[in-house]
Amino acid sequence: MKSHDYHIWIERLLPAMTRGYVPEHVWRVLAELSYFFRQLCAKELSRNVVADLEKRAPELICKLEKIFPPGFFLSMQHLIMHLPYEARMGGPCRTAGAIQSRDV
């Protein structure tokens, strides 16, 4: 699968696939994770949304740690903590085509 496929899987399909197969409290955390990434990977991102994501990231990780065993948590799972900060510090990004057309 390509990275776009993974984005669709975690942002849209994960909550739909797991509902009814896992306990309700587990489904709610997975749905919250999905919504977190959907907001973070949106085409337009406001500073207020990023600030809210930064506040919710530690809570989300704590909820995930209550559900999954410690062996599940590698460095990539804790990347959730850093992604909103990186989005805030990086600011808006431009595509390569926009950079080339402006510099010409």
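The model is a predicted one, in which local features need pLDDT of at least 70, side-chain atom pairs count only at pLDDT 80 or more, and totals for chains, interfaces and linings use all residues. Residues are numbered from 1 along each chain as its sequence is written, and side-chain values use heavy atoms, with hydrogens and water left out.

**Figure 1. Overall fold.** The secondary structure comes to five helices and zero strands, in the order α-α-α-α-α along the sequence. Helices (H or I, at least four residues) and strands (E, at least two) are DSSP runs, numbered from the N terminus. Of the 104 residues in the protein, 25% are buried; buried means under 20% relative accessible area, exposed over 50%, and partly exposed in between (1.4 Å probe, protein chains only). Among contacts (heavy atoms within 4.5 Å) with a separation of 6 or more, residues 24 or more positions apart account for 52%.

**Figure 2. The largest nonpolar core.** A nonpolar core is a set of buried Ala, Val, Leu, Ile, Met, Phe, Trp, Tyr and Cys residues joined through side-chain atoms within 4.5 Å. The largest one has 12 residues: Val-29, Leu-33, Phe-36, Phe-37, Leu-40, Leu-53, Ala-57, Leu-60, Ile-61, Leu-64, Phe-73 and Ile-80. Helices α2 and α3 are the elements that give two or more residues to this core. In soluble globular proteins, nonpolar side chains tend to be buried together.

**Figure 3. Leu-64 and Leu-33.** Leu-64 belongs to helix α3 and counts as buried, at 5% relative accessibility. Neighbours within four places in sequence aside, Leu-64 is in contact with Val-29, Leu-33, Phe-73 and Ile-80. The C-alpha atoms of Leu-64 and Leu-33 are separated by 8.9 Å, and the two residues are 31 apart along the chain.

**Figure 4. Salt bridge between Glu-32 and Lys-63.** The structure holds four salt bridges, each a side-chain nitrogen of Lys or Arg within 4 Å of a carboxyl oxygen of Asp or Glu. In one of them, the side chains of Glu-32 and Lys-63 meet at 2.9 Å, N to O. Glu-32 lies in helix α2 (residues 24-40) and Lys-63 in helix α3 (residues 47-67), so the pair ties together parts that are 31 residues apart in sequence. Glu-32 is partly exposed, with a relative accessible area of 21%, and Lys-63 is partly exposed at 32%.

Figure 5. Arg-56 forms a salt bridge with Asp-52, and their closest N and O atoms are 3.2 Å apart. Because Arg-56 and Asp-52 are four residues apart in helix α3, about one helical turn separates them. Asp-52 is partly exposed, at 33% relative accessibility. Glu-54 forms a salt bridge with Arg-88, with 2.7 Å between the closest N and O atoms. This pair links distant parts of the chain, with Glu-54 in helix α3 and Arg-88 in helix α4 (residues 79-90), 34 residues apart. Both partners are partly exposed: Glu-54 has a relative accessibility of 26%, and Arg-88 has 37%.

Figure 6. Thr-18 is in helix α1 (residues 3-18) and is buried, with a relative accessible area of 15%. The side chain of Thr-18 reaches the backbone oxygen of Leu-14 at 2.9 Å. Apart from neighbours within four places in sequence, Thr-18 is in contact with Trp-27 and Leu-30. Ser-34, in helix α2, is buried with a relative accessible area of 0%. Not counting residues up to four places away in sequence, Ser-34 touches Ile-10, Glu-11, Arg-12 and Pro-15.

**Figure 7. A nonpolar surface patch.** Ile-8, Trp-9, Leu-13 and Met-17 make a nonpolar surface patch of about 340 Å². Patches are made of residues with over 30% relative accessible area and no salt bridge; like charges are joined within 9 Å, and nonpolar side chains (Val, Leu, Ile, Met, Phe, Trp, Tyr) within 5 Å. Trp-9 is located in helix α1 and is partly exposed, with a relative accessible area of 34%.

Methods. A polar contact is a pair of N or O atoms within 3.5 Å; within protein, one must be able to donate a hydrogen and the other to accept it, and residues adjacent in sequence count only if both atoms are side-chain atoms. Accessible areas come from the Shrake-Rupley method with a 1.4 Å probe; for residues, only the protein chains shown count as cover.
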